[in-house]
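Please open the model in a viewer and keep the sequence panel at hand.

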Amino acid sequence: MLPSLVIMFLFTYIPMYGVTIAFKDFMPARGIMGSSWAGLKYFRQYFNSYQFWITIKNTLVISIYSIIVTFPLPIALALMCNQMTRKGFKKFFQVSTYLPHFISTVVMCGMIILFLSPSQGIIAKLLGYLGITLPNLMGQPSAFSSIYVWTEAWQHVGWDSILYIAALSAIDPSLYEAATMDGASKWQKLVNIDIPMLLPTATIMFILRTGSIMSVGFEKVYLLQNTLNSSASEIISTYVYKMGLVSSQYSLSAAIGLFNNIINLVLLLSVNYISKKMSDTSLV
């Protein structure tokens, strides 16, 4: 474990010192120690800005929408695979659902933009044969969250189901044999054996997902973002990028990022505590 611990210490714990620039008027020429102290100045600046509620709302909408769609789907897919009896078809089904996961974010976003193009996209061409005109979905703020979430589901649901398939494969076969002897149907086995055995794993995964509810993936949102849909696609991570790297407001971006991480930590601890009290399943 020593190499992993050293890497984690060097790239995770040592950089935490840089968080102090959120409380300073940071200037690269002066360095972190030489920059003057600013206190909570940049936190107040973010809280009072017009982008505060916009970024919070958009981040929560996309994140909660993602959890509602992409959290139960891998479980359903794993249960479906577990019911398949033909090994050849089962392997083909699993591989075909895993493959989209290996498409890079840049390529995926390019595919989405091309497919949804109202003039040259494949979907627009197919609908054109039916006399239907495809609207410019990438330019509609109301459609952005759905485009993000459902393409995310298509790309990652198969890969995310691996953990649940592994949990199902670890179930004692004698439980199924006993259920068969008692005359249980496939549905009864699924409800009374498979789902209860998946609950501890699903609970842990839900706690981890809740702990990152304020951290929507930056790359995909930024690549799909344009001036027409920015009112629905401007999230905390893209705003931090624009403030920190584009506008060189390092202290402001650090303050926003720290605020974001604190909210995630509070949510993670809260959900973990509630889960431990209600089901005795928790991270620690």
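## A tour by selection

Begin with S248, which is located in the loop between α14 (236–246) and α15 (250–279). The model is a predicted one. At S248 the phi angle is positive, about 60°, although the residue is not a glycine. With a relative accessible area of 41%, S248 is partly exposed.

**The nonpolar core.** Next, select Y46, I56, I75, I112, Y164 and L198. These are the residues with the most contacts inside the largest nonpolar core, which has 58 residues. Which helix gives the most to this core? Colour helix α9 (residues 141–169): its contribution of 11 residues is the greatest. Then centre the view on L198 and display its surroundings. Apart from neighbours within four places in sequence, L198 is in contact with I75, L79, Y164, A167 and L168.

**The aromatic residues.** Show the rings of Phe, Tyr and Trp; the count of aromatic pairs comes to 18. Start with Y46 and F47, whose ring centres are 6.1 Å apart. The planes of Y46 and F47 stand at 45°, so this pair is tilted. Buried or partly exposed: how do the two residues compare with the cut-off of 20% relative accessible area for burial? Y46, at 2%, is buried, whereas F47, at 35%, is partly exposed.

Move on to F52 and F259. The centres of these two rings are 6.2 Å apart and the planes are at 50°, so the pair is again tilted. F52 belongs to helix α4 (residues 51–70) and F259 to helix α15, so the pair ties together parts that are 207 residues apart in sequence. F52 is buried at 10% relative accessibility, and F259 is buried as well, with a relative accessible area of 16%.

**The salt bridges.** Turn now to the charged side chains. How many salt bridges does the structure hold? There are three salt bridges, and each can be visited in turn.

- Select K41 and D25, which form a salt bridge with the closest N and O atoms 3.3 Å apart. K41 is in helix α3 (residues 41–48) and D25 in strand β1 (residues 24–25), so the pair ties together parts that are 16 residues apart in sequence. K41 is partly exposed, with a relative accessible area of 38%; D25 is also partly exposed, at 22%.
- Select E152 and K220, where the salt bridge has its closest N and O atoms 3.0 Å apart. This pair links distant parts of the chain, with E152 in helix α9 and K220 in helix α12 (residues 218–224), 68 residues apart. E152 counts as partly exposed at 21% relative accessibility, while K220 is buried with a relative accessible area of 5%.
- Select K242 and E234, whose side chains meet in a salt bridge at 2.9 Å, N to O. K242 is partly exposed, with a relative accessible area of 22%, and E234 is buried at 7%.

K220 lies over the face of Y148, at 4.9 Å from the ring centre.

**A lysine without a salt bridge.** Select K189 in helix α11 (residues 186–210). What is the nearest side chain of opposite charge to K189? That side chain is D194, 9.1 Å away. A salt bridge requires a side-chain nitrogen within 4 Å of a carboxyl oxygen; K189 is buried yet has no salt bridge. Display the residues around K189: not counting those up to four places away in sequence, K189 touches Y176, A179, T180, A184 and D194.

**The last stop.** Select A178, which is placed in helix α10 (residues 173–181). A178 counts as partly exposed, at 41% relative accessibility. The C-alpha atoms of A178 and Y13 are separated by 51 Å, and the two residues are 165 residues apart along the chain.

Note on methods:
Residues numbered from 1 in each chain as written. Predicted model: local features only at pLDDT ≥ 70, side-chain atom pairs only at ≥ 80, totals over all residues. Heavy atoms only, no water. Helix = DSSP H or I, 4+ residues; strand = E, 2+ residues; numbered from the N terminus. Buried < 20%, exposed > 50% of the residue type's maximum accessible area, 1.4 Å probe, protein only. Core = buried A, V, L, I, M, F, W, Y, C linked by side-chain atoms within 4.5 Å. Contact = heavy atoms within 4.5 Å. Lys, Arg positive; Asp, Glu negative; His and termini not counted. Phe/Tyr/Trp six-rings, centres within 6.5 Å; stacked < 30°, edge-to-face > 60°. Lys NZ or Arg CZ within 6 Å of the ring centre and 35° of its normal.
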